[in-house]
Amino acid sequence: MPVDLEAVCEIIEKHGYQKASLIGILQDIQGKMNYLPRKALVQVAKSLDIPITNVYEVATFYKAFSLEPKGKHTLQVCLGTACHVRGGARVLNYLENRLEVKSGRTTKDLTFTLESVNCLGACALGPMMVIDKKYYGKINTNKIESVLKKYQ
Ligand code: FES
């Protein structure tokens with residue numbers, strides 16, 4: 001996948017080439033490209049005149065950053081206690097098999113990034129699944145299929 005280095009340079013310039021703006025720069029790159037491509041990180045290191053290892057330290061420290069392309073949709077399954085006792089792990093397992101991807105990874109066609117979370121604050125409706133902030137409660141395999149159709 002080609003990396004738009006011109007866009008990366010514009011973002012760095014917007015932040016005034018400030019080393020202290022590293023997190024903001026990475027946030028903007030992630031916002032634009034949906035992940036942090038290696039070439040972009042190399043460009044950031046060069047432009048800010050800091051070691052690439054410093055850039056990687058920050059990029060890997062924060063969970064919000066991803067070094068791999070993210071899917072068009074983020075699909076989260078709750079494994080909090082209330083959802084777990086109602087079959088949250090089964091839901092996640094079903095999705096891992098159905099989408100052929102492990103939790104924390106992105107499908108080959110870049111449609112979904114599958115994640116597990118600890119509580120979505122809607123415990124009474126468990127097991128819960130969320131796609132791009134849209135909540136689907138009392139989810140089961142039949143419901144999963146009809147929901148997935150909307151996004152594929
Ligand atoms: S435990 Fe799943 S929403 Fe709270």
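I took helices (H or I, at least four residues) and strands (E, at least two) as DSSP runs, numbered from the N terminus. I noted that residues are numbered from 1 along each chain as its sequence is written. I also noted that this is a predicted model, in which local features need pLDDT of at least 70, side-chain atom pairs count only at pLDDT 80 or more, and totals for chains, interfaces and linings use all residues.

**Entry 1: overall layout**

I read the order of elements along the protein chain and found the pattern α-α-α-α-β-α-α-β-β-β-α. The chain holds seven helices and four strands. I recorded a span of about 50 × 30 × 20 Å for the C-alpha trace along its principal axes.

I then looked up the domains, whose bounds come from an automatic or database domain assignment. Domain 1 covers 5–61 and domain 2 covers 73–151. Their C-alpha centres are 31 Å apart.

**Entry 2: burial and contacts**

I counted a residue as buried if 20 or more other C-beta atoms, placed from the backbone, lie within 10 Å of its own. By this count, 24% of the 152 residues of the protein chain are buried.

Among contacts between residues at least 6 apart in sequence, 59% join residues at least 24 apart.

**Entry 3: H1 and H3**

For helix pairs I used axes fitted to C-alpha atoms over the stretch in contact, with angles from 0 to 180 degrees between N-to-C directions. Helix H1 (residues 5–14) packs against helix H3 (residues 38–48) at about 40°, and the axes are 10 Å apart. H1 and H3 are therefore oblique to each other, since angles under 35 degrees count as roughly parallel, over 145 as roughly antiparallel, 65 to 115 as roughly perpendicular and the rest as oblique.

On the H1 side I found Leu5, Val8, Cys9 and Ile12 in the contact, and on the H3 side Lys39, Ala40, Gln43, Val44 and Ser47. I sorted residues by class: Ala, Val, Leu, Ile, Met, Phe, Trp, Tyr, Cys and Pro as nonpolar, Asp, Glu, Lys and Arg as charged, and the others, Gly among them, as polar. The contact of H1 with H3 has six nonpolar, two polar and one charged residues.

**Entry 4: H1 and H2**

I next examined H1 with helix H2 (residues 22–33), whose axes come within 9 Å and cross at roughly 145°. H1 contributes Ala7, Val8, Ile11 and Ile12 to this contact, and H2 contributes Ile25, Asp28, Ile29 and Lys32. By class I recorded six nonpolar, no polar and two charged residues for H1 with H2.

Technical notes. Two residues are in contact if their C-beta atoms, placed from the backbone, lie within 7 Å. A residue is buried if 20 or more other C-beta atoms lie within 10 Å of its own, exposed if 12 or fewer, and partly exposed in between; C-beta atoms are placed from the backbone.
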